[in-house]
Amino acid sequence: MGLPGIDFPGCGTGLVIRRSDGKILLYKRMKPPEAGHWNIVGGKVDHMEHSADAARREAEEETGLSIGPVTFLGVSEQRIEADRQHWISMLYLADNFAGEPQLTEPDKLSEFGWFSPDALPLPLSVFTREAIRLLPKS
């Protein structure tokens, strides 16, 4: 059958988690695609799972936060030649969450932090650059 994102375009989702001061939560990836890049949280959409539910699930698994309602930002297509991966992702925003972020998946993510959209760490993943571009201007 093959692997999504590698043998055929995968269906993914991502979530921008934004605090009331406007800073967003980013994690540093340890595995492809784009290992070593700063990234919003996200992952694969499971079969028959709504992409908004997948975004919330992935975020809670990766951060330890409790995520409230999410808002749709848009769709992004990532073709990452260096890793030979191709993803189509639904992107969402969460301004409502509870708890403090943690490193709950240290085999996949090495560090995290809150960053202002005008002072982001580098390198940023394609996925993250697109999500930030889609954020509503305040």
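Leu93 sits in strand E7; strands (E, at least two residues) and helices (H or I, at least four) are DSSP runs, numbered from the N terminus. The model is predicted, so local features need pLDDT of at least 70 and side-chain atom pairs count only at pLDDT 80 or more, while totals for chains, interfaces and linings use all residues. Residues are numbered from 1 along each chain as its sequence is written, and side-chain values use heavy atoms, with hydrogens and water left out.

Leu93 is buried, at 5% relative accessibility. Buried means under 20% relative accessible area, exposed over 50%, and partly exposed in between (1.4 Å probe, protein chains only). Along the chain, Leu93 and Val16 are 77 residues apart, yet their C-alpha atoms are separated by 4.7 Å. Contact means heavy atoms within 4.5 Å. Beyond residues up to four places away in sequence, Leu93 touches, among others, Leu15, Val16, Val70 and Leu135.

Now turn to helix H1. H1 has 13 residues and reaches 18 Å from its first C-alpha to its last, close to the 18 Å expected at 1.5 Å a residue. The expected span is 1.5 Å times one less than the number of residues. Ser51, Ala52, Ala54, Ala55, Glu58, Ala59, Glu62 and Thr63 are buried in H1. They lie on the same side of H1, because they cover an arc of only 160 degrees around the axis. That arc is taken from the directions from the helix axis to the C-beta atoms. The buried residues of H1 pack against E1, E2, E4 (41-44), E5 (66-67), E7 and E9.

Ser51 lies in H1. Ser51 is buried, with a relative accessible area of 11%. A polar contact of 2.6 Å joins its side chain to that of Tyr92. Such a contact is a pair of N or O atoms within 3.5 Å; within protein, one must be able to donate a hydrogen and the other to accept it, and residues adjacent in sequence count only if both atoms are side-chain atoms. After H1 comes Gly64, with a positive phi near 80 degrees.
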